[in-house]
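Please look through the sequence and the structure shown here before reading on.

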There are 2 protein chains.
Amino acid sequence: MADRPPRRRDLAAMITPLGRALTAAELPILRAHNLSMWGYIVLNALDGRPAPTQAALANAIGADKTRIIPILDDLQGQGLIHRDPDPADRRARLITITAQGSRLRTATQTAIQRNEERVLAHLPPSTRRTFLRALDVLSSLPPNEITGAG
Amino acid sequence: MADRPPRRRDLAAMITPLGRALTAAELPILRAHNLSMWGYIVLNALDGRPAPTQAALANAIGADKTRIIPILDDLQGQGLIHRDPDPADRRARLITITAQGSRLRTATQTAIQRNEERVLAHLPPSTRRTFLRALDVLSSLPPNEITGAG
């Protein structure tokens, strides 16, 4: 199984296990910061951005509206976010990250990206800048553009 | 949620959804070629390489030994592989891809990579070569090197 034919591997076959390993690398860091993966995703979606409604937030992170409620309850209980009535629509609530939430998000992301930088150090600096830029372009495409179903 | 702070996104947050969309793109192609995802992975692991034992094949594709049996039964039933006793160890069996299996693998991969090329066309040619090379390097690292658990 050692010698490989020179064909290129499928993108999916390269990307999927890499994503799995990078996600596994985040788990102990999230645990150390007392955050769930979804909690971290929510804080990332809130920090430095105008407060969204609960529905807009769910949509932005690709979670369904009922799934997001216990995550928000938990973050609010920890003092990481607060929820206030939307002045534009009294039935909706706006989610804001607290200063404590923002500090925790930054500390968690710093630790995650410190590990990622260690992984990226396997690439020469210029390759690595190009890689990150290309990944940013491809990962910003709508899923339909990738599946060809659009 | 429109304006983003200039911080870089986490690698995992870019790679995981991209991997999911690329895998979703493969499903209709595999279906059209009457192959399961695992069947395709097995054919890829066999084509152009010396015949492995069942155990070595399972190990190479990260499947467990019991899980691989029905996949091999199915591929053999379709005439895509055959299994012969290993002359070096009569209890072991060597797996070989058939000419038909090799043709089906090539046709499937050609269709999958045609879609991937369409996605990669969002990058300038030189960026795209660098991206593929970098991805090949990173995806060839042992998982322990990525999680930092090694």
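**How the two chains are related**

In this predicted model, chain B is superposed on chain A by a rotation of 180° with 0.0 Å of shift along its axis, and the RMSD of that superposition is 0.0 Å. This is the relation of a two-fold axis. Within chain B, F131(B) has the C-alpha nearest the axis, at 2.5 Å from it. Both copies use the same surface, since 100% of the contact residues of chain B recur in chain A.

**Fold of chain A**

- Chain A has seven helices and two strands as its secondary structure, and along the sequence these elements follow the pattern α-α-α-α-β-β-α-α-α.
- Where contacts in chain A join residues at least 6 apart in sequence, 47% of them link residues at least 24 apart.

**Dimensions and burial**

- The radius of gyration of chain A is 19 Å, whereas a compact globule of 150 residues would have one near 15 Å.
- Taken along the principal axes, the box filled by the C-alpha atoms of chain A is roughly 65 × 40 × 30 Å.
- Chain A consists of 150 residues, and 43% of them count as buried.

Methods. Residues numbered from 1 in each chain as written. Chains lettered and ligands numbered in written order. Predicted model: local features only at pLDDT ≥ 70, side-chain atom pairs only at ≥ 80, totals over all residues. Heavy atoms only, no water. Least-squares fit on C-alpha atoms with pLDDT ≥ 70 in both. Contact = heavy atoms within 4.5 Å. Helix = DSSP H or I, 4+ residues; strand = E, 2+ residues; numbered from the N terminus. Rg over C-alpha atoms; globule rule 2.2 N^0.38 Å. Buried < 20%, exposed > 50% of the residue type's maximum accessible area, 1.4 Å probe, protein only.
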